[in-house]
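Let's take a look at this protein together, starting with the whole chain and then picking out one residue. Have the sequence and the 3D view ready.

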Amino acid sequence: MKIKLQNKIAINIIRIIAALVVVILLFLLGDILISGVPHISWHFLTSASQSFASGGGIGVQLFNSIYLLLLTLIISFPISLGAGIFLSEYAPKNIFTSIVRMAIEVLSSLPSVVVGLFGFLLFVVQFQMGFSILSGAIALTFFNLPLLTRNIEESLRAVPDLQREAGMALGLSKWRTVTRVILPEALPGIITGVVLGAGRVFGEAAALIYTAGQSATNIDFGNWNPFNAASPLNLMRPAETLAVHIWKINSEGVMPDASAVSAGASAVLIIVVLLFNIFARIIGNSLYRKLTATK
Amino acid sequence: MDPIKKKIQSSSRETRQDLLGKVITYTCIALIVLVVLSIFVFVASKGMATFFVNKANFWDFLTGKNWNPSMVDSKGKPMLGALPMIAGSFGVTILAVLFATPFAIGTALYMTEIASHKGERILQSVIELLVGIPSVVYGFIGLSVIVPFVRNNIGGSGYGILSGSFVLFVMVLPTVTSMTVDSLRAVPRFYKEASLALGATKWQTIYKVILRSSTSGILTAIIFGMARAFGEALAVQMVIGNAAVMPTSLLSSASTLTSVLTMGIGNTVMGTVANNALWSLALILLLMSLFFNIVVRLIGRKGRM
């Protein structure tokens with residue numbers, strides 16, 4: 001009898017713990033969404049931010065975040081694709097490969113502030129690029145590379161060896177087998193990983209404070225010449241992202257409606273991450289259906 | 001030369017393609033290794049400069065309690081005592097993980113052993129979403145919910161180690177939970193079936209079989225949580241109060257390695273003592289993350305045996 005009672009108590013304690021966790025997390029999320037969502041409006045999403053007056057928006061920051069994300073993906077995807085292919089297809093079983101694996105693991109666990117400082121030291125100061133979108137994108141690339149590489153490697157590994165053997169049997173070179181047979185089959189997994197990683201990059205701030213900078217210069221959305229200083233596409237302008245904006249207005253505190261703006265911006269960030277999660281699942285599933293014979 | 005001989009002696013199209021593939025992939029991997037190496041070299045050389053160029057005493061740096069790099073003490077040496085920040089960092093990390101571990105294991109057990117399939121899937125997607133939420137959002141939650149809560153119910157200004165560890169608790173909880181779930185799922189099904197067939201209750205099975213055989217996985221999850229908490233910068237910086245003094249209680253303002261770095265790097269001039277000292281803090285962070293990595297490796301090796 002005692003054992004059964006013990007069992008009951010223990011199981012119920014586990015239930016209570018799980019319920020508590022859900023309540024805590026939903027309460028915090030709900031708190032942000034409830035106070036933030038009413039603040040989101042078309043005006044808020046598109047207008048420029050204010051430093052000393054209330055009523056500012058997050059338009060420039062939102063654009064910067066998206067632009068920085070795209071640049072980061074453009075730089076980091078090809079590199080991690082090559083590295084992922086190496087690790088899953090070419091890597092010999094020797095000490096060099098295990099060093100490489102360890103390096104990638106170490107890179108993925110580095111605090112993002114250290115990655116940011118390295119970017120600051122090397123690109124902003126040493127290469128005299130200043131606080132710029134490009135420095136920020138490179139710092140985020142360092143941050144994104146290990147995640148993406150591991151994801152691509154795992155997706156490629158999940159493809160059965162039968163496919164590789166079939167490619168070889170047809171007389172294809174290994175490279176062609178990988179790019180024409182293995183890669184398409186692994187694509188849904190890769191895309192899902194890229195989108196999920198994009199969600200992480202979108203919200204990263206610590207690596208950006210000292211690389212992309214903390215100021216949003218006025219940009220002119222009518223001017224799309226990338227070499228013009230006021231153009232949104234200019235790579236060398238400092239660019240404060242949404243996440244950095246939230247941090248900055250909360251730690252400097254000169255904006256009268258800082259908490260409302262940051263609640264709104266936080267809600268936008270959460271919604272974007274949620275969208276990325278949903279997109280990742282939808283794109284992965286539909287690509288898988290399209291590229292394979294599953295109905 | 002006749003065409004047949006030429007064709008036989010030169011490399012085929014396939015060989016050339018393979019060579020191209022090898023060159024491309026080796027270049028990519030070399031690039032990543034280069035990045036990691038240069039991060040270490042740059043941060044280490046900057047961090048060591050405090051001791052070699054500015055002649056600070058390494059031991060005083062680790063144990064000194066006065067942090068004021070722009071001032072000099074009675075002996076004419078800069079006041080570089082990093083102990084307050086080191087203590088702050090370890091304080092918030094350990095507290096956060098102590099709070100988070102029981103909750104994470106409980107939730108993971110509920111998801112894998114007790115919940116229905118549907119409940120499990122809902123919890124799983126909630127946790128996945130929470131893992132992806134940016135740390136500044138957690139910091140803002142801390143600022144708008146946790147700091148006032150601590151101020152009104154526990155005391156003090158609300159800024160301090162306690163608030164910092166609450167924020168980190170919320171932040172690492174999803175990470176630790178999802179990794180614990182993975183390791184619980186990896187326990188072979190027949191362990192559980194055998195235990196239940198012997199007449200063990202569910203709790204006995206969980207406690208004596210499932211938790212024991214996934215110990216190394218759970219430990220890895222906890223270490224990952226610690227590494228994440230230790231390296232987190234902005235969320236902690238927003239709620240800890242940022243006073244570089246020895247923390248006297250959980251409720252007084254303190255600072256961590258990361259918070260001092262985020263605040264200071266922009267306000268110091270490259271090459272000065274104050275700046276180099278900050279790089280030394282970054283070096284400590286780097287070494288700690290290396291340390292967590294090695295611990296994870298050791299646990300993994302032991303778990304495999």
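## What counts as a contact

Two residues are in contact when their C-beta atoms, placed from the backbone, lie within 7 Å. Keep in mind that what you're looking at is a predicted model.

## Chain A at a glance

Chain A has 10 helices and 0 strands, so the pattern along its sequence reads α-α-α-α-α-α-α-α-α-α. Its C-alpha atoms fill a box of roughly 75 × 70 × 40 Å along the principal axes.

Of the 295 residues in chain A, 46% count as buried. Take the contacts in this chain between residues at least 6 apart in sequence: 75% of them join residues at least 24 apart.

## Zooming in on A:I190

Find helix α8 of chain A, residues 174-203, and you'll find A:I190 in it. Is A:I190 buried or exposed? It's buried, because 23 other C-beta atoms lie within 10 Å, and 20 or more is enough to count.

Which residues does A:I190 touch, leaving aside its neighbours within four places in sequence? They are A:N151, A:I152 and A:S155. As for A:R150, it sits 40 residues from A:I190 in sequence, with 10.0 Å between their C-alpha atoms.

## Where chain A meets chain B

Here, 67 residues of chain A are in contact with 66 residues of chain B. Several helices of chain A each supply at least two residues to the side that touches chain B, including α6 (133-157) and α8. The largest share of that side, 15 residues, comes from α1(A). By type, the residues on chain A's side divide into 45 nonpolar, 14 polar and 8 charged.

Key: Residues are numbered from 1 along each chain as its sequence is written. Chains are lettered from A and ligands numbered from 1 in the order in which they are written. This is a predicted model: local features need pLDDT of at least 70, side-chain atom pairs count only at pLDDT 80 or more; totals for chains, interfaces and linings use all residues. Helices (H or I, at least four residues) and strands (E, at least two) are DSSP runs, numbered from the N terminus. A residue is buried if 20 or more other C-beta atoms lie within 10 Å of its own, exposed if 12 or fewer, and partly exposed in between; C-beta atoms are placed from the backbone. Ala, Val, Leu, Ile, Met, Phe, Trp, Tyr, Cys and Pro count as nonpolar, Asp, Glu, Lys and Arg as charged, and the others, Gly among them, as polar.
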